[in-house]
Amino acid sequence: MKFRRREKRIQFHEVEALPLVGADDTGGWGKALKWKALRKGMTPDQVRGLLGEPDRIANNIRHVAWKYGDGEVKFTRSGDEVTGWKAP
């Protein structure tokens, strides 16, 4: 009985120690704290310094959006300041 309890504890700790899937693939933008640091009015350079290079950039009539996985940062149409964002 003691052996089985220890075995379960070891298995539990092994699972806790596994890295998150894709944790290193985000270039840092996957961290929630970085998204919480975003503020309206930030410049593209400030966003790049915080989240890194976007995966892609989408332009439309209303705004410019930098895409980071499922997240995005929206800039004014001229692209000079943040107007909003959606964290991944």
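I began with Lys-74, which is partly exposed, its relative accessible area being 29%. I keep in mind that this is a predicted model. Lys-74 forms a salt bridge with Glu-72, and I found 3.7 Å between their closest N and O atoms.

Next I followed Glu-72 onward. Glu-72 also forms a salt bridge with Lys-67, where the closest N and O atoms are 2.5 Å apart. Are these two partners buried or exposed? I looked up both: Glu-72 has 13% relative accessibility and counts as buried, and Lys-67, at 18%, counts as buried too. The cut-off I applied for buried is under 20% relative accessible area.

Then I turned to helix α3, which covers residues 44-51. Here I noted Pro-44, Val-47 and Leu-51 as buried. Looking down the axis of α3, I saw its buried residues fall within an arc of 60°, so they line one face of the helix. What do they pack against? I listed α2 (32-36) and the strands β2 (64-68), β3 (71-75) and β4 (82-86).

On the face of α3 turned away from the buried side, I found the exposed residues Asp-45 and Gly-49.

My last stop was Arg-48, which is partly exposed at 29% relative accessible area. Arg-48 forms a salt bridge with Glu-53, their closest N and O atoms lying 2.8 Å apart. Glu-53 is exposed, with a relative accessible area of 54%. I also noted that Asp-45 joins Arg-48 and Glu-53 in a network of salt bridges. For the whole structure, I wrote down four salt bridges.

Key
Residues numbered from 1 in each chain as written. Predicted model: local features only at pLDDT ≥ 70, side-chain atom pairs only at ≥ 80, totals over all residues. Heavy atoms only, no water. Buried < 20%, exposed > 50% of the residue type's maximum accessible area, 1.4 Å probe, protein only. Helix = DSSP H or I, 4+ residues; strand = E, 2+ residues; numbered from the N terminus. Arc of directions from axis to C-beta. Contact = heavy atoms within 4.5 Å. Salt bridge = Lys/Arg side-chain N within 4 Å of Asp/Glu carboxyl O.
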